[in-house]
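Trainee: I have a new structure open and would like to learn how to read it. Could we go through it together, one feature at a time?

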Amino acid sequence: MLVNVVNVVNSAQTVADRYREFSWQQARGRSDAHAELTARISHDAEFCDLLSGSLPAGNPQQPSLLLAAVRYLDGPHAEHGPRDETAYGRWREWTIRHWDEVRTVIMGRAGRTNDPGHCATLLPLLARLPQPLALLEVGASAGLCLRPELYRYRYEQAPGRAAACGASGSPVTLTCRTSAAGAGPVPEAPARVPEIVWRAGVDLDPLDPVADPDDLRWLRALVWPGDGDRAERLVAAVGLARTAPRPRIVRGDLLDELPALAAEAPPGATLVIFHSAALALLPADRRERFAAVVRSLLAGREGRGHWISQEQHGVLPWITDPAHRAALRPEDASLTLALDERPLALTGPYGESLHWLAEGISAGTAGQPATG
């Protein structure tokens, strides 16, 4: 989480609509347990009234925060989620009985995961930029995406056809299915990881799962039920982070902290400002101000710089081009991967897939991305 969103109308019906939308557009097809649970909540007027009456409108009413808070506190069905009416009754009764504790967690935590899987979809762009790189992540959380060289990567183009790169012997292998729009060729997977000489991040509420077991517990609670592979990968990535120097992560608002932090990047390196699923909770005017700040920083930098965004469709609406916007379904959970505000690919929410758009194909097969 980076800043609080603007206030919205707070009512039980608003909460119900939000849970219904979450069930249909985000959880369906990704977590049967969360899809069923949030659908049941959306039809539970009394429970929605509790949520609207005791949680401020905006970020605290995110469904993901409530679901993670109950898991974090070892509520019933924490591992697999309630999957029928009886199980939902137990989950509901426990949550109401422990509401003060649940609310405390919700009000004190952010709902953003810090999934290292995002590195698999960022790497093809990072590897093609002029080296060496200076990485600056917005919404860095625990900083697990600031050390892409710690992981092993496997890019699968078709059954039985894959390319690998990265740290051999790493306990974290990030597997990513690659494809391309139309009949275009799939750009080659990176031959090597980028050379990184400086790295830093900014976050309103950074986590330190290496030093604080409670932060690791929270990150694990954010992983949806039934996704044991992601949970194991997260723990392994934190273990790797213990073996490397920690990147500097500044606590604060992105608009306040970003300019000074960017100024620290060494002049001989290509500054890359990047973010993955970090801006959705910002109000539109804050996103526009953020974009203006990034443009100004890169334009005024002596040397080279680029902006890589990986966000839900519509978060940066001027980036989502009409061609792939028309093909998207409302429930599509993929992210738009863009370089310098030009959309190049659609990616899975946790880096599990990379679908190159036409412009991304031409950029990748030319060996350098189109930067305008």
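**Reading the model, feature by feature**

Mentor: Let's start with one side chain: Trp198 is buried, with a relative accessible area of 16%. Buried means under 20% relative accessible area, exposed over 50%, and partly exposed in between, using a 1.4 Å probe and protein chains only. Before we go on, this is a predicted model, where local features need pLDDT of at least 70, side-chain atom pairs count only at pLDDT 80 or more, and totals for chains, interfaces and linings use all residues. Residues are numbered from 1 along each chain as its sequence is written, and side-chain values use heavy atoms, with hydrogens and water left out.

Trainee: Where is Trp198 placed, and which residues is Trp198 in contact with?

Mentor: You'll find Trp198 in strand β5; helices (H or I, at least four residues) and strands (E, at least two) are DSSP runs, numbered from the N terminus. Contact means heavy atoms within 4.5 Å. Leaving aside neighbours within four places in sequence, Trp198 touches Leu133, Ala134, Leu135, Leu136, Leu261, Glu264, Ala265, Pro266 and Leu271.

Trainee: How many disulfides does a search of the whole structure find?

Mentor: In general, a disulfide is a covalent bond between the sulfur atoms of two cysteines. The cut-off here is a pair of cysteine sulfur atoms within 2.5 Å. The search of the whole structure finds zero. Take Cys119: the nearest cysteine sulfur belongs to Cys145 and is 4.2 Å away, and Cys119 is in no disulfide. Cys119 is buried at 2% relative accessible area, and Cys176 is buried too, at 0%.

Trainee: Next, helix packing. At what angle do the axes of α1 and α4 cross?

Mentor: Axes are lines fitted to C-alpha atoms, for helices over the stretch in contact, and angles run from 0 to 180 degrees between N-to-C directions. Helix α1 (residues 12-27) and helix α4 (residues 63-72) have axes that come within 10 Å and cross at roughly 80°. That makes the two helices roughly perpendicular: under 35 degrees counts as roughly parallel, over 145 as roughly antiparallel, 65 to 115 as roughly perpendicular and the rest as oblique. On the α1 side the contact is made by Arg18, Tyr19 and Phe22, and on the α4 side by Pro63, Ser64, Leu66 and Leu67. Those residues divide into five nonpolar, one polar and one charged (Ala, Val, Leu, Ile, Met, Phe, Trp, Tyr, Cys and Pro count as nonpolar, Asp, Glu, Lys and Arg as charged, the others, Gly among them, as polar).

Trainee: How many salt bridges does the structure hold?

Mentor: Side chains of opposite charge can pair when their charged atoms come close. A salt bridge is a side-chain nitrogen of Lys or Arg within 4 Å of a carboxyl oxygen of Asp or Glu, and the structure holds 19. One of them joins Asp17 and Arg20, at 2.9 Å from N to O. The two are three residues apart in helix α1, so about one helical turn separates them. Asp17 is partly exposed at 37%, and Arg20 is partly exposed at 36%.

Trainee: Which parts of the chain does the Asp208 and Arg246 pair link?

Mentor: That salt bridge has an N to O distance of 2.8 Å. Asp208 sits in the loop between β5 (196-203) and α8 (213-222), while Arg246 is in the loop between α9 (228-241) and β6 (248-251), so the pair links distant parts of the chain, 38 residues apart.
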